[in-house]
Structure formats: C-alpha cells, structure tokens
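Subject: A structure for you to look at

Hi there,

My notes follow below it.

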Amino acid sequence: MMTFALVPGVSVADTENGTVLLDERSGRYWMLNRTGAVVLRSLLDGESPQEAARTLLRRYPDAPERAAAHVESLLDALRTAKVIVP
C-alpha cells in the first residue's frame, strides 16, 4: 500500500476555508480549499487515492463523477510542487 507524507520542512495549518501548506525551505505556500483539505488529510492519514475519493464523496456528495479526478489532480499538483512523497 502506498502511503503519503509531507516532505521535511513543509508545514500544514488548517484555516476556516481549507488548509495552507508552507514550504519553509523556499518560503512558498499553497492554499487548499475545503475539498483539497479533505483529500490531503485523507492521504496523510493513510488512505489510498481511491479511499480519499470515497471520503471526499461522503463529505461532498454533489459531484461523484469528479471526486477521483479531483484527488488525482491534487496529487499531481502536490508532487509537482515537491511537498508530498511518494
């Protein structure tokens, strides 16, 4: 099973509108909306991308056709930004 973690030097803070990631190495930060925050927390809690999509659907059932795509898109963005591994 694949597990995900933030790379060392990346901190996370929850806000009322989602989550903020700060890469302390570069000073860059990213704001995740509420759905992005749910996905990130699910992945960091050990869920697979498929499980994270199901968790997202339980919280926000309005767009079932987009849940898996949202998870993959966020994962791609986090990997490209080099703030999450693997």
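D23 forms a salt bridge with R25, and their closest N and O atoms are 2.7 Å apart. By salt bridge I mean a side-chain nitrogen of Lys or Arg within 4 Å of a carboxyl oxygen of Asp or Glu. (Buried is under 20% relative accessible area, exposed is over 50%, and partly exposed lies in between, using a 1.4 Å probe and protein chains only.)

Before going further, please keep in mind that this is a predicted model, in which local features need pLDDT of at least 70 and side-chain atom pairs count only at pLDDT 80 or more, whereas totals for chains, interfaces and linings use all residues. Residues are numbered from 1 along each chain as its sequence is written, and side-chain values use heavy atoms, leaving out hydrogens and water.

The count of salt bridges comes to 2. In the other pair, R41 joins D14, with 3.2 Å between the closest N and O atoms. This pair links distant parts of the chain, since R41 lies in helix α1 and D14 in strand β2, 27 residues apart. R41 is partly exposed because its relative accessibility is 31%, and D14, at 52%, counts as exposed. Helices and strands here are DSSP runs numbered from the N terminus: H or I over at least four residues for helices, E over at least two for strands.

Helix α1 covers residues 34-44, and its buried residues are G36, A37, V38, V39, L40, S42 and L43. What do they pack against? Their neighbours are β2 (10-15), β3 (18-23), β4 (28-32), α2, α3 and β5 (84-85), where contact means heavy atoms within 4.5 Å. After α1 comes G46, which has a positive phi near 100°.

Now to the helix pairs. Two packed helices are described by the angle between their axes and the distance between the axes. The axes are lines fitted to C-alpha atoms over the stretch in contact, and angles run from 0 to 180 degrees between N-to-C directions.

α1 and α3 have axes 10 Å apart and pack at an angle of about 75°, so they are roughly perpendicular to each other. (Under 35 degrees counts as roughly parallel, over 145 as roughly antiparallel, 65 to 115 as roughly perpendicular and the rest as oblique.) On the α1 side, T35, G36, V39, L40 and L43 meet H70, V71, L74, L75 and L78 of α3. This contact has 7 nonpolar, 3 polar and no charged residues. (Nonpolar covers Ala, Val, Leu, Ile, Met, Phe, Trp, Tyr, Cys and Pro; charged covers Asp, Glu, Lys and Arg; the others, Gly among them, are polar.)

The axes of α2 (residues 49-59) and α3 (residues 67-80) come within 8 Å and cross at roughly 125°, and the two helices are therefore oblique to each other. P49, A52, A53, L56 and L57 of α2 touch A67, A68, H70, V71, E72 and L75 of α3. These residues divide into 9 nonpolar, 1 polar and 1 charged.

Finally, have a look at V85 in strand β5. V85 is partly exposed, with a relative accessible area of 40%. Leaving aside residues up to four places away in sequence, V85 touches T3, F4, A5 and V7.

Best wishes
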